[in-house]
Amino acid sequence: MKFFFTLFLVASFNSSTSQTIVIVDLISKNPVPFTNATFLKKDNTILGGDYADEKGFIILNENSISDKIKFSCIGFEDLIIERKAVIDTVFVKKSIIALDEVAISKASHILKELGFIESRKKIDLGISKGIETVVFIENNSEIELSIKSFLFKIQKTLEKVVIRVHFYKLNPNKFEPYTEILSQDIIYFLDKNTKGTVEVDVRKYNLKLPAEGGFVGLENLGDIYEHDQKIFSHNNDSSDILRFALNYEINKSITFMRNRFEHSSWDNTETLKTQLIQIKSQNFPNASFGIKVFD
């Protein structure tokens, strides 16, 4: 039997008045789609948040109790602005990152799968808008491996869904995700009624799985409704749930989750194991994510 579990519903702010702003690249003046907007108190306590849509627009609540707003997107420097100083256009600056030249030798075209995409599935986990989930991928090659694609398995989507793909290094001080390997956003759209295994080709980003392994996963950005000219959904309700498979292959919690609009810290699935009492297993539930690499 499959069970449906929902974690960390994102808080929403309701108001009759609102402000529409657009986030754009400081240099190119092009919109920056799906930018994170996190609402903060003066002491940087997180109060909630939302995403810009695919055209860079976001609707802010005029009566929000936040003192500051943090705008963040992979490939751009974080920007924190006093709430009262936010105007109709917010400019964000690209990060200066030196990229290595893409160089895959002829001998490295042998593909292999790493992770848990082929593991036996026992349960589906439902995550709402704003939730990020990653799993540790072990590297037994003792050298960096070029990543071809990210794989995950989902139940059928009820609407068109947009996700952000993440790749993290391993924290050198403790077992959890650390800094992002990516230098730019990887946004992927799941059409309505998509189900089964999904493969996201990431070759153009020149990603390397570190010799010590790393974390890979996804962030649920919510639904996009076709009848509304693909305008990004700002609703934080059950329609924004994305369900993917879990497995019980190993007796270690290597899956981490966080709510982008509640806290910045990571939680592993040790607590989730105690909550899923219907599954009698000595092992821990972990996300059935995987990657394909060039060996």
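Mentor: Rings of Phe, Tyr and Trp, with the six-membered ring taken for Trp, count as a pair if their centres lie within 6.5 Å. On that basis, ring pairs join Phe150, Phe152, Phe167, Phe244 and Phe289 into a cluster. Keep in mind that this is a predicted model. Its mean pLDDT is 84, and 82% of the residues reach 70 or more.

Across the whole structure, a search finds 13 aromatic pairs. One of them is formed by phenylalanine 150 and phenylalanine 167, whose ring centres are 6.5 Å apart; the planes stand at 75°, so this pair is edge-to-face. The cut-off behind that label is an angle over 60 degrees. Phenylalanine 150 belongs to strand E12 and phenylalanine 167 to strand E13 (residues 160-170), so the pair links distant parts of the chain, 17 residues apart. Both phenylalanine 150 and phenylalanine 167 are buried.

A second pair has another geometry. The ring centres of phenylalanine 175 and phenylalanine 215 are 5.6 Å apart and the planes are at 55°, which makes the pair tilted. Phenylalanine 175 lies in the loop between E13 and strand E14 (177-180), whereas phenylalanine 215 lies in strand E18 (residues 214-225); the two are 40 residues apart.

Strand E24 (residues 289-294) is mostly covered, with six of its six residues buried. In a regular strand, side chains alternate between the two faces of the sheet. In E24, Phe289, Ile291 and Val293 are on one side, Gly290, Lys292 and Phe294 are on the other, and these residues are buried on both faces.

E24 has strand partners to follow as well. Strand E12 (residues 145-154) runs antiparallel to E24 and is joined to it by six bridges; leucine 151 has glycine 290 as its bridge partner there. Strand E9 (residues 111-115) is also antiparallel to E24, with five bridges, and leucine 111 stands opposite phenylalanine 294.

For contrast, consider an open sheet of three strands, ordered E5-E2-E8 with mixed pairing. Strand E5 (57-61) and strand E8 (89-92) are at the edges with a single partner strand each, so one side of each has no neighbour in the sheet. Neighbouring strands here are turned by 35° against each other on average, direction ignored. Strand E2 (residues 18-25) and E5 run antiparallel and share five bridges, and valine 22 has phenylalanine 57 as its bridge partner in E5.

Aspartate 50, in strand E4 (residues 46-51), has 9% relative accessibility and so counts as buried. Its side chain makes a polar contact of 2.9 Å with the side chain of lysine 129.

Finally, two stretches call for caution.

Conventions. Residues numbered from 1 in each chain as written. Predicted model: local features only at pLDDT ≥ 70, side-chain atom pairs only at ≥ 80, totals over all residues. Heavy atoms only, no water. Helix = DSSP H or I, 4+ residues; strand = E, 2+ residues; numbered from the N terminus. Buried < 20%, exposed > 50% of the residue type's maximum accessible area, 1.4 Å probe, protein only. Polar contact = N/O pair within 3.5 Å; in protein donor to acceptor, adjacent residues only side chain to side chain. Pairing = 2+ DSSP bridges. Axes fitted to C-alpha atoms, helices over the stretch in contact; angles between N-to-C directions. pLDDT = per-residue confidence, 0-100. Phe/Tyr/Trp six-rings, centres within 6.5 Å; stacked < 30°, edge-to-face > 60°.
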